[in-house]
Amino acid sequence: MNLWKRLMCACRRRSPWLFHMNSGSCNGCDIELVASLSPRYDAEQLGVRLEGSPRHADILCITGPVTKNSVGAIRTVYAQACSPKAVVAIGSCPATTNVFIDSRTLAGPLDKHIPVDVFVPGCPPRPDAIIQGIAQAAAILAERGMDTPQAEISIAAPQAAVHHEVQP
Ligand code: SF4
């Protein structure tokens with residue numbers, strides 16, 4: 001890897017930009033994600049910044065058990081984020097659908113639809129765990145480098161991914 005690529009990987013690791021998407025959560029995880037960005041927990045010390053568009057984001061943070069209505073939006077958002085990118089599933093809902101498991105309105109878990117890189121367990125997870133998950137995703141992102149081909153989903157078919165889980 002040449003110097004420019006090494007520099008890009010280092011920058012990506014030190015300033016991951018996030019896009020947050022709610023796929024039908026109870027808002028518990030969303031509140032904790034916002035708390036992790038607040039001065040008290042200070043995810044900005046890692047260079048983390050919340051972005052308003054997936055096109056500008058490196059890491060997609062997805063909360064909620066994935067309702068049938070949200071599947072199309074999730075796949076579109078994933079396709080809009082530029083490669084390399086990483087996906088962090090925040091809370092037990094996107095990992096397992098959690099307490100909503102028997103709901104007929106759900107199409108979860110999340111990894112049936114897009115590749116997930118890091119799962120942050122908890123209902124909801126604490127801000128510290130969310131920050132740890134984001135840091136893990138940033139490290140994965142840096143490893144992917146500039147020209148490492150990354151699995152792009154076709155809007156029709158989900159793909160498998162290697163999962164990392166934040167230890168409590
Ligand atoms: S994991 Fe818990 S807090 Fe988070 S969205 Fe699901 S039910 Fe709500």
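Predicted model: local features only at pLDDT ≥ 70, side-chain atom pairs only at ≥ 80, totals over all residues.

User: Which residues of α2 are buried?

Analyst: In α2, which spans residues 28–37, the buried residues are C29, E32, L33, S36 and L37. Viewed down the axis of α2, these residues fall within an arc of 145°, so they line one face of the helix.

User: Why do residues three or four places apart point the same way in an α-helix?

Analyst: An α-helix has 3.6 residues a turn, so residues three or four places apart point the same way.

User: What about α1, how many of its residues are buried?

Analyst: Helix α1 is hardly covered: the count of buried residues among its 12 residues is one. Helix α1 runs over residues 3–14 and reaches 17 Å from its first C-alpha to its last, close to the 16 Å expected at 1.5 Å a residue.

User: Let us turn to the strands. How many residues of β3 are buried?

Analyst: Five of the five residues of β3 are buried, so β3 is largely enclosed by the rest of the structure. Both of its faces are covered, with I59, C61 and T63 buried on one side and L60 and I62 buried on the other.

User: And which residues of β4 are buried on each side?

Analyst: On one side of β4 they are A86, V88 and I90, and on the other V87 and A89, so to speak of either face is to speak of a covered one. Strand β4 is mostly covered, as five of its five residues are buried.

User: In what sense do β3 and β4 pair?

Analyst: Strands β3 and β4 pair in the parallel sense over five bridges. Between β3 and β4 the chain passes through helix α3 (residues 68–80), and this β-α-β crossover is right-handed.

User: New topic: where is N98?

Analyst: Residue N98 lies in the loop between α4 (92–96) and β5. N98 has 18 C-beta neighbours inside 10 Å and therefore counts as partly exposed; the cut-off for a buried residue is 20 or more.

User: Which residues is N98 in contact with?

Analyst: Leaving aside neighbours within four places in sequence, N98 is in contact with P65, S92, C93 and C123. The C-alpha atoms of N98 and G122 are separated by 9.8 Å, and these two residues are 24 residues apart along the chain.

User: Last point: what pLDDT does the protein average?

Analyst: The protein averages a pLDDT of 87, and 85% of the residues score at least 70. Over residues 156–160, however, the pLDDT is below 50. Beyond near neighbours in sequence, that stretch has eight contacts in the model.

Terms used:
Residues numbered from 1 in each chain as written. Helix = DSSP H or I, 4+ residues; strand = E, 2+ residues; numbered from the N terminus. Arc of directions from axis to C-beta. Expected span 1.5 Å × (residues − 1). Pairing = 2+ DSSP bridges. Right-handed = clockwise from strand over helix to strand, strands pointing away. pLDDT = per-residue confidence, 0-100. Contact = placed C-beta atoms within 7 Å.
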